Amino acid sequence: MTDVTHKELTVDEKRKIEAAEGEHTREGVHYVPHVDIFEDSQAIALRADLPGVRKEDLDIDVREGVLTLAAVVDPLPEKWHPLCTEYQVGGFGRRFSLGERIDPEKINANLENGVLTLVLPKAESHKPRKVEIT
């Protein structure tokens, strides 16, 4: 028999975008998506949880060094009457400052099963390089 240590499972509550964080330009409730950010020598990768978002309802914009994610989620059909609600439906919005380390022309995105993956390649001037000895 092996000894198995269990980690405690924690769940973060969805955080609404408040009016103090900017004025809404879209109807309904909007949330800040949870994001994980990873880095290697060539790029920074960002993974955002966007449950219920379809590709056509997601807008990714890069302007003046700011990456903006905005998404809408269709409400449940009116024929559905909630018996218990643990999850509120709403859109998503988040902004990231990129700085000069990122090459904005080479950013690519993939949305699969409610998870957005963005790969933000580093600018050539910020990639590590090997210096040859002469």
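Me: In what order do the elements of the protein run from the N terminus on?

Reply: One follows the chain from its start and writes down each element in turn. In this predicted model, the elements run β-β-β-β-β-β-β-β-β from the N terminus.

Me: How are strands placed in a sheet, and which order does the open sheet of four strands have?

Reply: The order in a sheet is read across the paired strands. Here an open sheet of four strands has the order β3-β4-β9-β8, and the pairing is antiparallel. Its edge strands are β3, residues 35–39, and β8, residues 108–112, each of which pairs on one side only. From one strand to the next, the twist averages 15°.

Me: Over how many bridges do β8 and β9 pair?

Reply: A pairing is described by its sense and its bridges. Strand β9 covers residues 115–121 and pairs with β8 over five bridges in the antiparallel sense.

Me: What share of the residues of the protein counts as buried?

Reply: Burial is judged from relative accessible area, with under 20% as the cut-off. Of the 134 residues, 27% count as buried. The accessible surface of the protein comes to about 11,000 Å², and carbon and sulfur atoms account for 50% of it.

Me: What share of the contacts with a separation of 6 or more joins residues 24 or more positions apart?

Reply: Here one compares positions along the chain. In this protein, residues 24 or more positions apart account for 52% of those contacts.

Notes: Residues numbered from 1 in each chain as written. Predicted model: local features only at pLDDT ≥ 70, side-chain atom pairs only at ≥ 80, totals over all residues. Heavy atoms only, no water. Helix = DSSP H or I, 4+ residues; strand = E, 2+ residues; numbered from the N terminus. Buried < 20%, exposed > 50% of the residue type's maximum accessible area, 1.4 Å probe, protein only. Contact = heavy atoms within 4.5 Å. Areas by Shrake-Rupley, 256 points an atom, 1.4 Å probe, with all protein chains shown as cover. Pairing = 2+ DSSP bridges. Axes fitted to C-alpha atoms, helices over the stretch in contact; angles between N-to-C directions.
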